[in-house]
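Please open the model in a viewer and keep the selection panel at hand. The tour below moves from one selection to the next and describes what is found at each stop.

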Amino acid sequence: LNFDATPLIMITGFTSENKDRRPGFFEALVSWAAYVAEAKLARVVFVADSSFGEASILGHLKDRPERLSVFQVQDVPEASVRRILQQQCGEISEEQLRAIGGRYMDISAMLGHMRHGVAASEAVRWLLETAEVTVRRLLLTGQPNARWTRPQLWRAICLLESSGQKVPYDVVLWNVFRGDESALRSMKESNLIAVNPRKSDTSWALRYDVEAGS
């Protein structure tokens, strides 16, 4: 049998909020990962739940994009989320399924709660309350080094609430951020919003929708 025996190292758990908690640690980890990968000692994969990872890693790689391969995974389809949760934890209602969404971190947190004996309804409530507390705190204090402002966050919340789950990218860009795309990307990196391709059977043009983050 022919197979690649190169070790695969998975690194996860970093977010835009915690990556600088230990000054210099993330930078050292990225430099180490680049070394072992280029020396063919191992493959190193960073798993990030937002787009902060690409910019941060490239910054520590001295902006050498050839040293980094990026793979973006979209949200898990609702039918697949239902199947995963039913296989692991039993039945779950449509309302609970919509509250969880298809993001990796939310699904993982939900499974973690339910595997410890927490009822599905209680686990969903914990997830929603945690998200609510985080957003309320950010509305009061903002986020250090973020390009978005508290008024922009409030406008985004109001727009998403009034328009339903998804809003066209351009509508958010101009109604919330007044055309400031760097602020929109910063809010995406904070996991407060998510940007996903819009599915269309009638248009070949690739368009994007914005929805609530995780």
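The model is a predicted one.

**The whole chain.** Begin with the entire chain displayed as a cartoon. Its secondary structure amounts to nine helices and five strands. Followed from the N terminus, the elements are arranged as β-α-β-α-α-α-α-α-α-β-α-α-β-β. Of the 214 residues, 32% count as buried. When contacts between residues at least 6 apart in sequence are taken, 51% of them join residues at least 24 apart.

**Val118.** Select next the loop that links helix H5 (104–115) to helix H6 (120–141); Val118 is found there. Is Val118 buried or exposed? Its relative accessibility is 17%, and because buried means under 20%, Val118 counts as buried. Display His113, Ala123 and Trp126 as well: these are the residues that Val118 contacts once its neighbours within four places in sequence are set aside.

**Met10 and its patch.** Move to strand E1 (residues 8–12), where Met10 has its place. Met10 has a relative accessibility of 52% and therefore counts as exposed, the cut-off being over 50%. Select Leu8 and Val45 together with Met10 to see a nonpolar surface patch of about 280 Å².

**The three-stranded sheet.** Now select E3, E5 and E4, which form an open sheet in that order, with antiparallel pairing. Strand E3 (166–168) and E4 are the edge strands, each pairing on one side only. From one strand to the next, the twist averages 35°. As a general point, the strands of a sheet pair through backbone hydrogen bonds, in either a parallel or an antiparallel sense.

**The E4–E5 pair.** Two facing positions can be picked out: Val195 stands opposite Val210 in E5, and Pro197 stands opposite Tyr208 in E5. Why is strand E4 (residues 193–197) described as largely enclosed by the rest of the structure? Four of its five residues are buried, so the description applies to E4.

**Helix H7.** H7 lies across E3, E4 and E5, and H7 runs at about 110° to E3.

Methods. Residues are numbered from 1 along each chain as its sequence is written. This is a predicted model: local features need pLDDT of at least 70, side-chain atom pairs count only at pLDDT 80 or more; totals for chains, interfaces and linings use all residues. Side-chain values use heavy atoms; hydrogens and water are left out. Buried means under 20% relative accessible area, exposed over 50%, partly exposed in between (1.4 Å probe, protein chains only). Contact means heavy atoms within 4.5 Å. Patches are made of residues with over 30% relative accessible area and no salt bridge: like charges are joined within 9 Å, nonpolar side chains (Val, Leu, Ile, Met, Phe, Trp, Tyr) within 5 Å. Accessible areas come from the Shrake-Rupley method with a 1.4 Å probe; for residues, only the protein chains shown count as cover. A salt bridge is a side-chain nitrogen of Lys or Arg within 4 Å of a carboxyl oxygen of Asp or Glu. Two strands pair if DSSP finds at least two bridges between them. Axes are lines fitted to C-alpha atoms, for helices over the stretch in contact, and angles run from 0 to 180 degrees between N-to-C directions.
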